Amino acid sequence: MNKFTYWQRAKVAFQYIMPQLYLTQLAGWFAQQKWGAVTHFVIKVFAKKYNVDMSEAKKENFSDYESFNQFFIRELKDGARKINENPTALCLPADGRVSQIGHIDDERLLQAKGHFFSLSDLLAGDEELVNTFKNGEFATIYLSPRDYHRVHMPCDATLRKMIYVPGDLFSVNPFLAEHVPNLFARNERVICVFDTAFGPMAQILVGATITASMSTVWAGVINPPRTGEVKVWTYQGDNAIKLTKGQEMGAFQLGSTVINLFPANSVTLAEHLEVDVPVRMGEILATMK
C-alpha cells in the first residue's frame, strides 16, 4: 500500500476521533471576535489562501469587516449574480460545485461513487416527506471556503415547515464525501420544506466541522444552541412566509453543503450540471415539467 493511501486513511480516521463539537465551538467563538488588525490579518491570509474574489463583495477592503463572521457571510454587489428570469426555470441556490445530482432511486440518493444514503435518514424519518420525494430528483452543491456563503431561493415559494436535525459535524469536502458513509444524513442539518408552483421542494442546509452556525432569514440563527433534539416549526395561515426567486433564505458561517429535493415528474435537471462542475447562484438548476 503506497504512502498516499495511508495518508488518506489517516485523514478519514481523524474525522472520527477529533473533537468535532469543541473545534466547531472554538471556531465559532474565534469568528465572532473583533480584534482589529489581528482580525484583518487573518481575513487577508484566508482570502489569499483560498483565492477569494473580493471585487464582487459590497465591501472590498478587509478592514471593512470587524469580525471573521462578517467577512465570511459578506454580501455581494448588486448585480454580481444574474438570476435566470425564465418563469419555468429554477435557479441554483448557492455558489460552489456540484457534488452529486440526479434521480432519487426509490429512496436512495447518490453521495459519491459507490456510496448512497436514504431519504429516510436525510429527512429524520419523516415518512410524509420521504413519500413526497421518493423517485424524484436531487442536487447536492458543495460550498468551499472561497465561495459566497449566503443561500438563495431557486423559485418563488411559500415556507411550510422547518426541521432542525442534530447530528455529527464531519467535514463535507469531496474527499470525505467519498469515504464517510451516510455523510449528509448523519451531519447536523436544517430542512426547509416549501410549496411551489410545481409542488413541494426541500432545501436542506447541511452543517460540517467548524460550521459555527446556520441561519435563515425568517428565524435567525438556528444553531447554536445545540440541544441534541429534533425541532420542528410549521408555518401556516398568518405565519406563512413567502419568498421570491433569487431572494436570500439563509447562510452558513463557514462552509458546507446545500441539498435540494424535488418530487417525481416535477422538474427536469439542467443537462450541463455534472459532478464537480463549478456553479453560481442564480444560474439554471432545472426547469418545471
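This report walks through a predicted protein model, from its overall build to a few of its residues.

## Getting oriented

Because this is a predicted model, local features need pLDDT of at least 70 and side-chain atom pairs count only at pLDDT 80 or more, while totals for chains, interfaces and linings use all residues. Residues are numbered from 1 along each chain as its sequence is written, and side-chain values use heavy atoms, with hydrogens and water left out.

## The whole protein

The protein has 8 helices and 18 strands. Both are DSSP runs numbered from the N terminus: helices (H or I) have at least four residues and strands (E) at least two.

Of the 289 residues, 51% count as buried. Buried means under 20% relative accessible area, exposed means over 50%, and partly exposed is in between (1.4 Å probe, protein chains only).

How many of the contacts between residues at least 6 apart in sequence join residues at least 24 apart? The share is 75%, where a contact means heavy atoms within 4.5 Å.

The protein exposes about 13,500 Å², and carbon and sulfur atoms supply 52% of that area. Accessible areas come from the Shrake-Rupley method with a 1.4 Å probe; for residues, only the protein chains shown count as cover.

## A nonpolar patch

On the surface, Trp29, Phe30, Trp35 and Val38 form a nonpolar patch, with about 390 Å² of accessible area together. Patches are made of residues with over 30% relative accessible area and no salt bridge; like charges are joined within 9 Å, and nonpolar side chains (Val, Leu, Ile, Met, Phe, Trp, Tyr) within 5 Å. Trp35 sits in the loop between helix H2 (20-32) and helix H3 (37-49). Trp35 counts as partly exposed because its relative accessibility is 38%.

## The annotated sites

Which residues does UniProt list under "active site"? The unreviewed entry names Asp95, His152 and Ser256. They are spread over 162 residues of sequence, yet they cluster in space, with a largest C-alpha distance of 14.4 Å. UniProt positions are given in the numbering used here, feature names are shortened, and annotations may be inferred rather than shown by experiment.

Ser256 lies in the loop between strand S14 (248-253) and strand S15 (257-262). Is Ser256 buried or exposed? Its relative accessibility is 0%, so Ser256 counts as buried.

Asp95 is in the loop between S1 and strand S2 (96-103), and Asp95 is buried too, at 4% relative accessibility. Leaving aside residues up to four places away in sequence, Asp95 touches several others, among them Tyr142, Asp147 and Arg280.

## Arg81 and its partners

Arg81 is found in the loop between helix H4 (68-72) and strand S1 (89-91). With a relative accessible area of 11%, Arg81 is buried. The side chain of Arg81 makes a polar contact of 3.0 Å with that of Glu56 and one of 2.6 Å with that of Asp95. A polar contact is a pair of N or O atoms within 3.5 Å; within protein, one must be able to donate a hydrogen and the other to accept it, and residues adjacent in sequence count only if both atoms are side-chain atoms.

Glu56, Arg81, Asp95 and Arg280 are linked in a network of salt bridges. A salt bridge is a side-chain nitrogen of Lys or Arg within 4 Å of a carboxyl oxygen of Asp or Glu.

## Salt bridges across the chain

By this rule the count comes to 14 salt bridges. The table shows some of them.

| Pair | N to O distance |
|---|---|
| Glu75 and Lys58 | 3.8 Å |
| Asp78 and Lys58 | 3.9 Å |
| Asp195 and Arg160 | 3.3 Å |

Asp195 is in strand S8 (residues 189-196) and Arg160 in strand S7 (residues 157-165), so this pair links distant parts of the chain, 35 residues apart. Asp195 counts as partly exposed, at 36% relative accessibility.

Asp78 lies in the loop between H4 and S1 and Lys58 in the loop between H3 and H4, 20 residues apart. Lys58 is partly exposed at 44% relative accessibility, and Glu75 is partly exposed with a relative accessible area of 40%. Asp78, by contrast, is exposed, with a relative accessible area of 72%.
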